[in-house]
Amino acid sequence: MCHIIPPLNSIFSHHPPPPQMDHRKTTFTIFLSIFTLAAATIAGDRALSYLEPTCSQPPDAIETLRNRTPVVFPLLNFQPWSESCSVWSPACSEEVLTVAKRPENVRWLKSLRRRIHEHPELAFEEFETSKLIRNELDKMEISYRFPLAVTGIRATIGTGEPPFVAIRADMDALPIQEAVEWEHKSKVAGKMHACGHDAHVTMLIGAAKILKSREHLLKGTVVLIFQPAEEAGNGAKRMMGDGALEDVEAIFAAHVSHQHPTGVIGSRPGPLLAGCGFFKAVIQGRTGNPVLAASAAVISLQGIVSREANPLDSQVVSVTTFIGGDDLNVMPDSVVLKGTLRAFSNTSFYQLVRRIQEVIIQQASVFKCSATVDFFKNQSTIYPPTVNDEKMYEHVRKVATELVGPTSFTVVPPMMGAEDFSFYSEAIPAAFFYIGIMNETLGSTHTGHSPYFMIDEDVLPIGAATHATIAERYLNEHGVFAQ
């Protein structure tokens, strides 16, 4: 960072030198002042944040200064302004947010997000997105492991010692043709970042820069997880299988939301997102009528939630596909049903799985048909519910209310959407939260997975600061030297 050098006489005293100082003392003062300026210059450049301007130093000079052994002058005791954050205070949150919102940083974040948005990549195909992330990490001299789960990255900042806290961002896009006409529209036909994952990646890269500039304050290690294939449903499991959560004791993640104004953060303790699964049933007509059997099964499936489930325990069973024959005069040999199920607890979820299978098979037998039901368990398409640990939720709430203000944090209701972050939350204490992007003036009002989806980019520095503060403050309060 660019340190401001105080007047020479104030370095030693708040009082001017006495008029009777002899020439030898004057010479000594000038000589020591020159060395003081040199020391401050070197210290300033060595403390240079990647988020800061370079103070007009050419890049090669900066690199030279970074690699040079520092000169220490005990007389100065010149400490970075953020040293006070060894004990967290509201001023520390303000420091992080102020750095994130600097105009040059906002321009950089927007540029990153637009580059990612223009080149969307589907699940396990995020090769260029992953390369962009690694290039940014290389510039910041942040170490990382790659590849995990084909395109995933696990980066680390801090001491390399416990505790380890993780922040996760998903990278994949959707097979949707973008309908938003703007300068940085998707350049890949039939693919679009229609769920905000481009913003998620950008915010985590932004957090990485903030955390790297404050690395000397970290009382442990921050793990940055850039995950592929959230939309495919098995990116998180594959990342875990490749060691993404090694040594990690807590994990956090955000998702942009069109339901909240830009910068408003929302979450809740306990169940936040539903468990989600899919099924495919094949009903074979041996001597019976598979169309009639399948029709009866569809009707009976609707009774599982309406007649068997606790009305205060939200559940969903929906048949979304019915495929039979295509000849008007011939009975098909079989009928295929496909559908989805949702629930907010594992108990309710697996009760639905059991009852769906029973209803379809038994209804088929009533009409002298046979049936098989596949829940795609081997493809890892079953998402468990996303459940926020109460202590981790409280950490997010505490950070958010201090960072963006108590009126910009809200407790949200549970939603029937699903997220593969749930695999992480099953394994270790976790908290998932939303960050608002709704801006009617910009037209940022459309739900995710819409071809008209867009975001208010003013959210990017807020998201970066939120991630960085969640991680640093967690280590501050849970590290070995936490006070």
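I began with the cluster that ring pairs make of Phe421, Tyr424, Phe432 and Tyr434, where rings of Phe, Tyr and Trp (its six-membered ring) pair if their centres lie within 6.5 Å, and planes under 30 degrees apart count as stacked, over 60 as edge-to-face and the rest as tilted. The model is predicted, so I note that local features need pLDDT of at least 70, that side-chain atom pairs count only at pLDDT 80 or more, and that totals for chains, interfaces and linings use all residues. Residues are numbered from 1 along each chain as its sequence is written, and side-chain values use heavy atoms, with hydrogens and water left out.

I found eight aromatic pairs in the structure. Tyr383 and Phe423 form a tilted one, 6.3 Å centre to centre with 45° between the planes. This pair links distant parts of the chain, 40 residues apart, with Tyr383 in the loop between strands E11 (369–374) and E12 (386–388) and Phe423 in helix H12 (residues 422–427); helices (H or I, at least four residues) and strands (E, at least two) are DSSP runs, numbered from the N terminus. Both Tyr383 and Phe423 are buried, that is, under 20% relative accessible area, with exposed over 50% and partly exposed in between (1.4 Å probe, protein chains only).

I then looked for charges over rings, which require NZ of Lys or CZ of Arg within 6 Å of the ring centre and within 35 degrees of the ring normal. Lys209 lies over the face of Trp108, 3.5 Å from the ring centre, and the charged end of Arg238 sits over the ring of Phe124, 4.5 Å from its centre.
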